[in-house]
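Visitor: I would like to learn how to read side-chain features from a set of coordinates. Please take them one at a time.

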Amino acid sequence: MVAFFATYFVSFAGFCHQEEPSILDFEIKEDILSIKIQTYFEVLSTVESNKFDLRTLNNFDKTIMNFDEISRNAAIVTLVFQNWSLIRTKFFFNANRSLLDLKLINVEVSPINSHTDTTVLFVRINARVPHGSDFITFSWDENLGDLVIREQGKNGKLYSAYLVKGAMSSKIYLQKEKF
């Protein structure tokens, strides 16, 4: 019986990261949309590219696991920056239905969770919201999984939503005094 529960727990722990949604926190100050996405490296690595898809990079995966933690984290950050032009094509962040120009600002790597063998990333992105925009919307490629969206700030009516794989948020109306 103990073996059954131990096997179940280990199997479940290895599967959990695929079921947990990524989290997108955003805030708009003046005309800058600041975004922080908490996700798993394994989620972003599903972006298809010969250079970035971990399913075809067994060598990279083994090599990166043999690095010490600092070198491994630096390699992951470098990989995200090098592949940003491809990764950002999977993010559909819009102002008045026009794609925003997303600028990768920073990538932070959390230590590997020894129970699930996953690597948590914090990806910081900025985008200028065009003057005259009425609303913004968020979505991303369905292969990246579910997404929780949370507006940050001091406004009493902050937006939050749970988006199932590939769904688009409702319109998030902008305060006119900012635009």
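Visitor: Which residue lies over the face of Phe135?

Guide: A charge counts as sitting over a ring if NZ of Lys or CZ of Arg is within 6 Å of the ring centre and within 35 degrees of the ring normal. In this predicted model, Lys171 lies over the face of Phe135, 4.7 Å from the ring centre.

Visitor: How many aromatic pairs does a search of the whole structure find?

Guide: The search finds six. One of them joins Phe26 and Phe138, with 4.9 Å centre to centre and 45 degrees between the planes. Planes under 30 degrees apart count as stacked and those over 60 as edge-to-face, so the Phe26–Phe138 pair is classed as tilted.

Visitor: Which parts does that pair tie together?

Guide: Phe26 is in strand β1 (residues 22–29), while Phe138 is in the loop between β7 (135–137) and β8 (147–151), so the pair links parts that are 112 residues apart in sequence. Phe26 and Phe138 are both buried. Ring pairs also link Phe26 and Phe138 into a cluster with Trp84, Phe91, Phe93 and Trp140.

Visitor: Is Thr39 buried or exposed?

Guide: Buried means under 20% relative accessible area. Thr39 has a value of 2%, so Thr39 is buried. Thr39 belongs to strand β2 (residues 32–40).

Visitor: With what does the side chain of Thr39 make a polar contact?

Guide: The partner is the side chain of Ser22, at 2.6 Å. Setting aside neighbours within four places in sequence, Thr39 is in contact with Ser22, Leu44, Thr119, Val120, Leu121 and Trp140. Trp140 is also a member of the ring cluster described above.

How values were computed. Residues numbered from 1 in each chain as written. Predicted model: local features only at pLDDT ≥ 70, side-chain atom pairs only at ≥ 80, totals over all residues. Heavy atoms only, no water. Helix = DSSP H or I, 4+ residues; strand = E, 2+ residues; numbered from the N terminus. Buried < 20%, exposed > 50% of the residue type's maximum accessible area, 1.4 Å probe, protein only. Polar contact = N/O pair within 3.5 Å; in protein donor to acceptor, adjacent residues only side chain to side chain. Contact = heavy atoms within 4.5 Å. Phe/Tyr/Trp six-rings, centres within 6.5 Å; stacked < 30°, edge-to-face > 60°.
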